[in-house]
Amino acid sequence: EYIEKLVARLQEDYSSSDMDEVYFRSDIVKVLGSYLSQHENQDYAELLGYLAESDPNQVIKIAANQALSKIKTKEAEKSAKQS
């Protein structure tokens, strides 16, 4: 339920000039990346992909790219263990 609230916050519009909100959203993205490294959720992963490409603020884009990288690393580790 907590993750759902965080995702809802990411989906809301915001002013990219409000730096407190930008850093808060960046932290949410990091938490979401950690969550997704343990729990698969295609919708949340797609949200991170969207933020990585389209968010108006570079801080959030970087955080989303790092989160996606973390997820891909965990997926690769899982695949290697299964082999």
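Mentor: Let's begin with a definition: a residue is exposed when its relative accessible area is over 50%, and buried when that area is under 20%. Keep in mind that this is a predicted model.

Trainee: Why is Tyr 2 called exposed?

Mentor: Set the value against the cut-off: the relative accessibility of Tyr 2 is 58%, and exposed means over 50%. Tyr 2 therefore counts as exposed. You will find Tyr 2 in helix α1.

Trainee: Where is Ile 71, and what makes Ile 71 buried?

Mentor: Ile 71 sits in helix α4, which covers residues 58-82. Its relative accessible area is 8%, and buried means under 20%, so Ile 71 is called buried.

Trainee: Which residues does Ile 71 touch, not counting residues up to four places away in sequence?

Mentor: Ile 71 touches Gly 33, Leu 36, Ser 37 and Leu 48. Here is another pair to look at: Ile 71 and Tyr 35 are 36 residues apart along the chain, and their C-alpha atoms are separated by 9.0 Å. For Tyr 2 and Tyr 23, 21 residues apart along the chain, the C-alpha separation is 18 Å.

Trainee: Now the helices, please. How many helices and strands does the protein chain have?

Mentor: There are four helices and zero strands, so the pattern along the sequence reads α-α-α-α.

Trainee: Why are α1 and α3 called roughly parallel?

Mentor: Look at the angle. The axes of α1 (residues 2-11) and α3 (residues 42-54) cross at roughly 30 degrees and come within 12 Å. Angles under 35 degrees count as roughly parallel, and therefore α1 and α3 are roughly parallel to each other. Their crossing is left-handed.

Trainee: Which residues make that contact?

Mentor: From α1 come Ile 3, Glu 4, Val 7, Leu 10 and Gln 11, and from α3 come Tyr 44, Leu 47 and Leu 51. Sorted by class, the contact has six nonpolar, one polar and one charged residues.

Trainee: Good, that helps! How do you know that the radius of gyration agrees with a compact globule?

Mentor: Compare two values. A compact globule with 83 residues would have a radius of gyration near 12 Å, and the protein chain has 13 Å, so the two agree. Along its principal axes, the C-alpha trace spans about 45 × 25 × 15 Å.

Trainee: What percentage of the 83 residues is buried?

Mentor: Buried residues make up 34%. As for contacts between residues at least 6 apart in sequence, 51% join residues at least 24 apart.

Technical notes
Residues numbered from 1 in each chain as written. Predicted model: local features only at pLDDT ≥ 70, side-chain atom pairs only at ≥ 80, totals over all residues. Heavy atoms only, no water. Axes fitted to C-alpha atoms, helices over the stretch in contact; angles between N-to-C directions. Helix = DSSP H or I, 4+ residues; strand = E, 2+ residues; numbered from the N terminus. Parallel < 35°, antiparallel > 145°, perpendicular 65-115°, else oblique. Left-handed = near helix turned anticlockwise from the far one by under 90°. Contact = heavy atoms within 4.5 Å. Nonpolar A, V, L, I, M, F, W, Y, C, P; charged D, E, K, R; others polar. Rg over C-alpha atoms; globule rule 2.2 N^0.38 Å. Buried < 20%, exposed > 50% of the residue type's maximum accessible area, 1.4 Å probe, protein only.
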